[in-house]
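Work through the following exercises with the sequence and the coordinates at hand. Each task is followed by a solution in steps.

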Amino acid sequence: MYNLLKGKKGIIFGALNEHSIAWKVAERAHEEGAEFVLTNAPIAMRMGDLNTLAEKTGSQIIPADATSMEDLTNLVEKSMEILGGKIDFVLHSIGMSVNVRKGRHYTDSKYEFTTKGWDVSAVSFHKVMNVLYNKKAMNEWGSIVALTYMASQRVFPDYNDMADNKAYLESIARSFGYFFGRDQKVRVNTISQSPTPTTAGSGVKGFDGFIKYADEMSPLGNATAADCADYTISMFSDLTKKVTLQNLFHDGGFSNVGVSDKVMDAFTED
Ligand SMILES: NC(=O)c1ccc[n+]([C@@H]2O[C@H](COP(=O)([O-])OP(=O)(O)OC[C@H]3O[C@@H](n4cnc5c(N)ncnc54)[C@H](O)[C@@H]3O)[C@@H](O)[C@H]2O)c1
């Protein structure tokens, strides 16, 4: 390990179980010397395994529904108390579509579901940054990262309304990131990750085909959750201080490939 986050303090949203990308980020952040608070929706506390991660990383847990300004305000205030100062890094690793959960086709969305999923998956990122910005809770050169997926920019039919939520999320990163950079020297980026077998990922219809296709299209193969954690740590470190307002592809090259030999072979008759 490289002590890349030695002395840094953070808040990590979205670790549900050991498959979660946020879980791997927390493990790596701990290895790199960071101290942080773990948070998730109160309901996830009952479903998930967050206590195990908290023990392993010597962290405290503060439950917060990321759509609630009251919960987020409490989270940020308590985190600064627990960590003894301002925050250096924040991971937003949150996604949920009610339309997907309830099996509604994209062409037949139920709009209460659409609104709820948009609030949880996209607007929550604005709310998190609103609280951090207005409380001046971030240290200069701090780093805020949210996780996204390529369906924000290209069609993946079964990604449903999460595609729209991710487009909105990426736009928030740029728009809020501008003010955060200008006023407080804080950077804001999204990482666009390969399909990854997690609770949220596996909820996408046809996920097995989806992940295999992406793997065969990508010259380096799919990026795993552990790979994503490594990349995220680099974005939290001082080695990437001038990177901001970016949507950073972390996908083994998938996003720039038109077709690969392996995929061509599947369609070539000999
Ligand atoms: N798994 C993939 O294929 C993949 C690919 C690209 C991007 N992502 C993104 O990575 C992020 C993390 O997802 P994951 O794959 O690790 O799955 P995950 O299911 O482990 O994590 C999703 C998290 O969102 C949390 N959450 C849901 N509603 C919430 C709320 N109201 N308040 C606070 N937290 C809430 C859940 O409790 C859970 O911990 C998501 O943004 C997801 O869209 C995932």
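A residue counts as buried if 20 or more other C-beta atoms lie within 10 Å of its own, as exposed if 12 or fewer do, and as partly exposed in between, with C-beta atoms placed from the backbone. Helices (H or I, at least four residues) and strands (E, at least two) are DSSP runs, numbered from the N terminus. The model is predicted: local features need pLDDT of at least 70, side-chain atom pairs count only at pLDDT 80 or more, and totals for chains, interfaces and linings use all residues. Residue numbers start from 1 along each chain as its sequence is written.

**Exercise 1.** Determine which way the residues of S1 point, and whether they are buried or exposed.

Step 1. Lys9, Ile11 and Phe13 point one way from S1, while Gly10 and Ile12 point the other way.
Step 2. Each of these residues is buried. With five of its five residues buried, S1 is therefore largely enclosed by the rest of the structure.
Step 3. From S1 the chain passes through H1 to S2 in a right-handed β-α-β crossover (clockwise from the first strand over the helix to the second, with the strands pointing away from the viewer).

**Exercise 2.** Find the strand order of the sheet and the partners of S1.

Step 1. Two strands pair if DSSP finds at least two bridges between them. The order is S3-S2-S1-S4-S5-S6-S7, an open sheet of seven strands with parallel pairing.
Step 2. S3 (60–61) and S7 (247–250) are at the edges with a single partner strand each, so one side of each has no neighbour in the sheet.
Step 3. S1 (residues 9–13) pairs with S2 (residues 35–39) over five bridges; Lys9 is opposite Glu35, and Ile11 has Val37 as its bridge partner.
Step 4. With S4, S1 forms three bridges in the parallel sense, and here Ile11 is opposite Val90.

**Exercise 3.** Describe the shell around the ligand: how many residues does it hold, and which element gives the most?

Step 1. The ligand is surrounded by 27 residues, the closest being Ser20, Gly95, Thr198, Ala200 and Gly201.
Step 2. H1 (21–31), S5 (138–148) and H8 (199–202) are the elements that give two or more residues. H8 gives the most, with three residues.

Conventions. A residue is near a molecule or strand if its C-beta atom, placed from the backbone, lies within 6 Å of it.
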